[in-house]
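Hi there,

Here is the structure I promised to pass on to you. Have a look at it first, and then read on for what turned up.

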Amino acid sequence: MSAKSERYSRYDVVIIGAGNSGLMAACRASKMGLKVLCIEKHNLEGGAAQSFVRGRFEFEASLHEIPDFGEGKMRGMLGHLFDDLKIDVDFYPIHNAFRYIVADGNNIELDVTVPHGREEFLDYMEKVSPGSRKSCEIFLDSCSVITEGMEYMGKSRGRWTMDEMKTRYPEFMKILGLSAAEYFREIGMPQKVIDIISAYWPYQGVDIEHIDASRFILMTSSFFTGGAYMPKYRSHEMAAAIEKKAREYGCDFWFNTEVVSIGTKNGAINSVTTADGRTVETCAVIANVFPDVVYGKLLDNKSLIPEFELKKVNARDFGFRPVSVYVGLDASPEELGIKDYTLFLSSSVDTEKVFNKIHSQDVYFDGLADGLSCSCPNIVNPECSPEGTTIFIIVTSYMSECWKEIKPEDYVKVKSKVADKMLTRYENVMGIDIKSHIEEIEIATPVTFARYMGTPQGSVYGYFAEDWDGFAARALAGVREMSVPGLFFIGAHGNRLSGFLPTYTDGDAVAKMVMGYVMGGGKQ
């Protein structure tokens, strides 16, 4: 415990978990003048925002790319948030949005490379699908419509009405009621353009027939118009920079410390107790932890949990559970023939078909790895690995609990089999030899993420964003569906869903909400 921590037996707010949302909440709350303590069970900040070393390679654990960090008009919401908090991080721009290959077996049916930049995107789509420009402009402009509606809802602190929102923001409310696929059809977007834009669906772990239009628009338009970026020193550079700034604003951090109890008094949050016996008084807890864990293990008085909160927890399914294969290769990208930073590889443009496939309980016995996201950071940052070498990362998603059926003695064999199929799929379609050049390899499964992050079933995308519980539903519920007084949730399972941008902005937004709660005296 720091000297400053010893002087305070009480904090205005205690944040559990120093992942993306927790760090941003700590930074914002501290900057606003609250006394903040952030408790993290690991020895480092960042959660999934980490890197790890194998041999002479340093691998990025989770982040593929992040939007909004350009200059001028290319500077988006997240870039402005970092500017406001004076968080300094070095980024490399990523030249193209993505390459998308659809291949049934080895027969390539679609192969497109989509550029960044509003006009570049519009020109490209008009070229591949003449007559599509108008619908693409409507799609990109809808981002501002959604942002304005969300900002008003946030500023009103839950005091808006449905009639008011329909009058003030009719287009926003209309979009909230549609899936991404429904929205694209509604604005008359040609099917070929829909097929291309839907390549981004793995970033949300939900097919476009089910993901909210609002969430998908915010994510994809941010990339297309604002570009994508990669931190120079992996995602942990961002985590470390936010922690550093939060400390400068006065936040205290306890690492290697596990919270074992959240105490209540008079029907509201009162304290937090750690495994080593320290108890801190507070009127507000921001939990960057799944509600399942908070309600099931940490909260001392479960009778305070609202019935609808328990119903939501019981009704929800856990989201995207990744298998990530990290390989260090003994040849350069040029020697290997790798030209793309971001490559999506799928068997079909029908995202619902691919999504249903990865729901299969025996998905790891299937002959074709599918829904692959591949990245080669050397294309953007040639110095990310030693000269003459390459880092290559390939990821697929699992939506079922199939890994729990694997016997411990079979685990290594099964994960190696899955990794081999993923690499073989890439090699066969691209005609690039990966396996014979492997110098280092690490395979992370849902079991790996569950063990490291403590997330149920290894979910890194929070809860599955079903129709009834997607971005729109959570946004409309907002502060209206409060939990135990003084208890606030952030993270991939929160109102803004998963991803670096949503979790950063979620932590920032909830910190502002907590400021009002604390300054109002809480409920105690």
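E307, K311 and N314 are exposed, on the face of helix α13 (residues 307–315) that is turned away from its buried side. Here exposed means over 50% relative accessible area, buried under 20%, and partly exposed in between, with a 1.4 Å probe and protein chains only. Helices (H or I, at least four residues) and strands (E, at least two) are DSSP runs, numbered from the N terminus.

The model is a predicted one, where local features need pLDDT of at least 70, side-chain atom pairs count only at pLDDT 80 or more, and totals for chains, interfaces and linings use all residues. Residues are numbered from 1 along each chain as its sequence is written, and side-chain values use heavy atoms, with hydrogens and water left out.

Back to α13: its buried residues include E309, K312 and V313. They lie on the same side of the helix because they cover an arc of only 95 degrees around the axis, taken from the directions from the helix axis to the C-beta atoms. The buried residues of α13 pack against α12 (291–298), where contact means heavy atoms within 4.5 Å.

Next, have a look at strand β12 (residues 268–274). Seven of its seven residues are buried, so the strand is largely enclosed by the rest of the structure. Strands count as paired if DSSP finds at least two bridges between them. β12 runs antiparallel to β11 (residues 259–265), with six bridges joining the two, and K265 has A268 as its bridge partner. Two residues lie between the strands in this hairpin, where N266 takes a positive phi near 55 degrees.

β12 is also antiparallel to β13 (residues 279–281), through three bridges, and S271 stands opposite E281. Four residues separate β12 and β13 in their hairpin, and G277 in the turn has a positive phi of about 95 degrees.

Finally, there is the second largest pocket, with a volume of about 350 Å³. A pocket is an open set of points on a 1 Å grid over the protein atoms alone, where a 1.4 Å probe fits, with protein on both sides within 12 Å along at least five of seven lines; lining residues have an atom within 4 Å of a point. The lining has 19 residues, of which F52, A61, A444, T448 and Y452 are the closest to the centre. α17 gives the largest share, five residues.

Happy exploring!

Technical notes: Points joined across faces, edges and corners; volume = space filled by probe spheres on them.
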